Amino acid sequence: MEIFNHNANVNFLGIRKYTIGLAALLMIASVGLIFTKGLNYALDFTGGISVEVSYPQPTDVGQVRAALQKHGFENPLVQSLGGSRQMSIRLQAKEDTADAAADKTGATSSAAADKVANDVLAALKAETPGVTMTSHSFVTSAVGDEVKSDGSVAAIFVIIGIGLYLWMRFERRFAIAALVTEVHDVLVTLGVIALVQREFDLTVLASVLAVIGYSINDKVVVFDRIRELFRSARKAEPEEILNRSINTTLSRTIITSLFTGITMAALYFIGGPAVEGFAVTMLIGIVVGTLSSIFVASPILLWLGVSKKDLMPVTKENPELARRP
Amino acid sequence: MSDFPRWKYALVALALVFGIIYALPNAFPPVPAVQVQANHGAPLDASVQQKVADALAAQKIAYTGLAIDGDHLVANFSNADVQAKASDVIKAALGDNNNYTVALNLAPTVPAWLRAIHAKSMPLGLDLQGGVHFLMAVDQNSVIDQQEERYADDIRSLLRQKNIRYESVTRVKGRGDGINIALRSDADRNAAASDIASEYPDLNVNNGDSSGDRFMLNAAVKPQKLQEIALGAIKQNVSTLRNRVNALGVSEPVIQQQGENQIVVELAGMQNPAEAKKVIGAVATLEYHPGIGYPGDPQAVDAAKTGNVPPNARLYYMRGTHQPVLVAKQLIVSGDQLANATSGTDPQSGTPTVNVTLTAAGAKRMLDFTTNNVGKPMAVVYVETTYDTKTVDGKEVRTPRVTEEVISDARIDGVFGKNFQTTGLGSPKEASELALLLKGGSLAAPVDIVSESALSPSLGQDNINKGFKAVMLGLALVLLAAAIYYKLFGLVADIALFFNLVILVAVMSLIGVTLTMPGIAGIVLTLGMAIDANVLICERIREELRNGSTPHASIRAGYEKAWATILDANVTHLIAALALTTMGSGPIRGFGVTLLIGILTSMFTSVTVTHAITALIHGNRKLKTLSV
């Protein structure tokens, strides 16, 4: 079975002005979103208290929120955890909390956290008997800051490590093109997460880092073909070579994305709330990474001026010979 | 004959057998159990087993197994609820003297022959079995404070011993800047400098300013020694916490250092976080001080009433009775110099006692002190630190609140050093409690819980079910899609993918990777991405066929040409996975480790295993077409 016509020769490079322009636009929009709307950081990063409860009967978020506000909890963040019986309640440490309110919402010491968790449960039980607490956690903001910096360090380590490897295995321009596309993929993925305000927790951070790994995979496959075609082709017009590389690998690029996408969809639909954020982020990253492999990475490579002679195996014995036609 | 060498067939066969055997233990999930261990030489025999069986039968609690296994008795139950109930029943049946430790446990059901070859199932993370997780930060500043104060005390007594007259010995305000010693003459200063330097090689001794008849000397702890002390403090805290947790009766607790000054504590299956925290979160240390008078004597009552406490003393209250008592400021030994404490009975009087053993350094100080103070009281001060956190101008300000009380104030009966007894305790129970407190209470530095989470076992079970379903559904969908799209080659890839899952689980089990929810996500992602190598190979073979190569040549060229791409793609992916594993001990690391192992196993299964099967199928036959 084949979905794609293997003789297709779509001129992807021909529309590079539009695709690169769109990519740049998306990147700027994403940065804008990240700065204006911001990421909806989860407890792991902000610090605070989170309580997860299980209801005997289906209930809705509004009811839970109302019950909490009635008992003096200000601005509780209530989310349903897949289904209408599991609820997650988050009380964030607010910077301007007064001491008195700190006991209710911004408690940052562990002992206070236990008390608040029990208070939350008591408040909910008063409205709906039979509510049980399935988990609760407490994080100080210091820990969150540490995780943020660790995450940034890991992302930088990934990007530099991959860049160095590509530089060694391919050539400088390939490394740069891959890295620029990588940054694009990460920013756009984060942009979408910021746009839909999906909670950004540790598993989502792990997923973003995994997106880097996934999308570089895609780029490397195309780059590999570019190198191969440059080396084998007698007359190597860069634009034509790049186009042919994208076209011949197109089937693989899309099939692999579909296969990986299928598994992530399975994870999203039945993996439960613990990995839902991970799966969604991965799905976004797969779409962004696939599109950028086709439309963004190669135009950048062309723009950087890749050519046949950069990719020929170095012949040291007789440089004269190599120069002859 | 195909170009696939025979030794590679052997390798593939070997890897598959290895994978199946070492992944097998995971098919035998551990069951909730209660484990009973005998202490203090108490018997653990058929009579104890009968007692437990009777107690469970009396409460109509069904058990699925009850047997003595080596030095402990294990009772298995069908679920966690029954397990918790049974634990209480067994505890009551065996009495609450300290002869038996009753702990919740997960009993493995892995057959003995598998255990004999070290095949074991993956340990489950807290998110899959429920439990309590604490992240604690160690207060390094207080370690430095304590050290400097101790050196100041030591220098004072050294100068007295050497008959060098000094004006004052005080700590410099800046933490870590050392101790200032004011002396009367230059000669005294030189003598003091050489004595201190030779007695305490860990101190840097320097001359300070001198004005008139005040000659200053500064003794600062060497930076590497400070670092060593800080490191030692963490290590000791870890082992102290381990002692405390063991008292809780939790099977296989995780207590480990993370980063420079953090400690992670994970108690799987623990249902009551408050109880856990009471024991491990008590930031308590102990100090031995010379006592003044006795608890509730007129001088102490007077001090409590008027607030006029003698300058060399502090006013405390006795634990329990709340009588005021005066204690000298001078510190004899602190909790981190305490090596062991056990409760017992005094053979002469028959009253309960606590036998204390000190470390060498502590023993020397104790000997020095008791030599001169027989018949005088000595107080054990229990110091508990809790933290209040307030947010001021967006920054967290943490203020320690210290609770101090005297837990024992007893007369020194004779000169002693390393080993001594504390007598005058009310009951054997009190003695054993004090021993536990002394032993467990000796944290070298205060710790502060900075992050905590508790998860119920039912949520853990829920996660396992969902995770397992997600893996199976993901696998099934990919298998189906590959078989439809690549026909026979797709089926071959499917077999390889299935074995990838088996070998991945086998490797994870063998090296003991803890399985967590993010780890399961990593497995699912690995399955999705492992097929990529086969997609590359199949697309290549199709291309070669289109270019007019023969089927055999196409297979060969397909594998050869795809290999370079697969290698490059996987190495870059590996770099990303490696970075993930460097991130702490949280969910990201679990995911990273799984991904890392998955990439390595998938390279083997997707390329070598499929190549072997393909060679087997197509090997010697003349082929007109390929089913790809």
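How many residues of domain 1 of chain A are in contact with how many residues of domain 2 of chain A? The legends below take up this point and others in a predicted model.

**View 1. Contact between domain 1 and domain 2 of chain A.** Five residues of domain 1 of chain A are in contact with four residues of domain 2 of chain A. On the domain 1 side, α6 and α10 of chain A each supply at least two residues. This side of domain 1, where it touches domain 2 of chain A, is made up of two nonpolar residues, two polar residues and one charged residue. The assignment for chain A places residues 13-41 and 143-311 in domain 1, and residues 48-139 in domain 2. Between the C-alpha centres of the two domains of chain A the separation is 38 Å.

**View 2. The side of chain A that touches chain B.** Here 63 residues of chain A are in contact with 73 residues of chain B. On chain A, at least two residues of this side come from each of α5 (110-127), β5 (132-139), α6 (141-169), α8 (202-232), α9 (238-270) and α10 (273-295). Of the elements of chain A, α8(A) gives the most to the side that touches chain B, with 14 residues. Sorted by class, the side of chain A that touches chain B holds 33 nonpolar, 23 polar and seven charged residues.

**View 3. Strand pairing between β5(A) and β21(B).** β5(A) and strand β21 of chain B, residues 447-455, run antiparallel. Five bridges join the two strands. Within this pairing, A:V139 is placed opposite B:S451 of β21(B).

**View 4. Residues 124-305 of chain A, a range listed in UniProt.** An unreviewed UniProt entry lists this range of chain A as "domain: Protein export membrane protein SecD/SecF C-terminal". In the model, residues 124-305 of chain A are 84% helix and 5% strand.

**View 5. B:R244 in helix α8 of chain B.** This helix of chain B covers residues 223-248. Is B:R244 buried or exposed? B:R244 is buried, because 24 other C-beta atoms lie within 10 Å, and the cut-off for a buried residue is 20 or more. B:R244 and B:T614 are 370 residues apart along the chain, and their C-alpha atoms are separated by 58 Å.

Note on methods:
Residues are numbered from 1 along each chain as its sequence is written. Chains are lettered from A and ligands numbered from 1 in the order in which they are written. This is a predicted model: local features need pLDDT of at least 70, side-chain atom pairs count only at pLDDT 80 or more; totals for chains, interfaces and linings use all residues. Two residues are in contact if their C-beta atoms, placed from the backbone, lie within 7 Å. Helices (H or I, at least four residues) and strands (E, at least two) are DSSP runs, numbered from the N terminus. Ala, Val, Leu, Ile, Met, Phe, Trp, Tyr, Cys and Pro count as nonpolar, Asp, Glu, Lys and Arg as charged, and the others, Gly among them, as polar. Two strands pair if DSSP finds at least two bridges between them. UniProt positions are given in the numbering used here, feature names are shortened, and annotations may be inferred rather than shown by experiment. A residue is buried if 20 or more other C-beta atoms lie within 10 Å of its own, exposed if 12 or fewer, and partly exposed in between; C-beta atoms are placed from the backbone. Domain bounds come from an automatic or database domain assignment.
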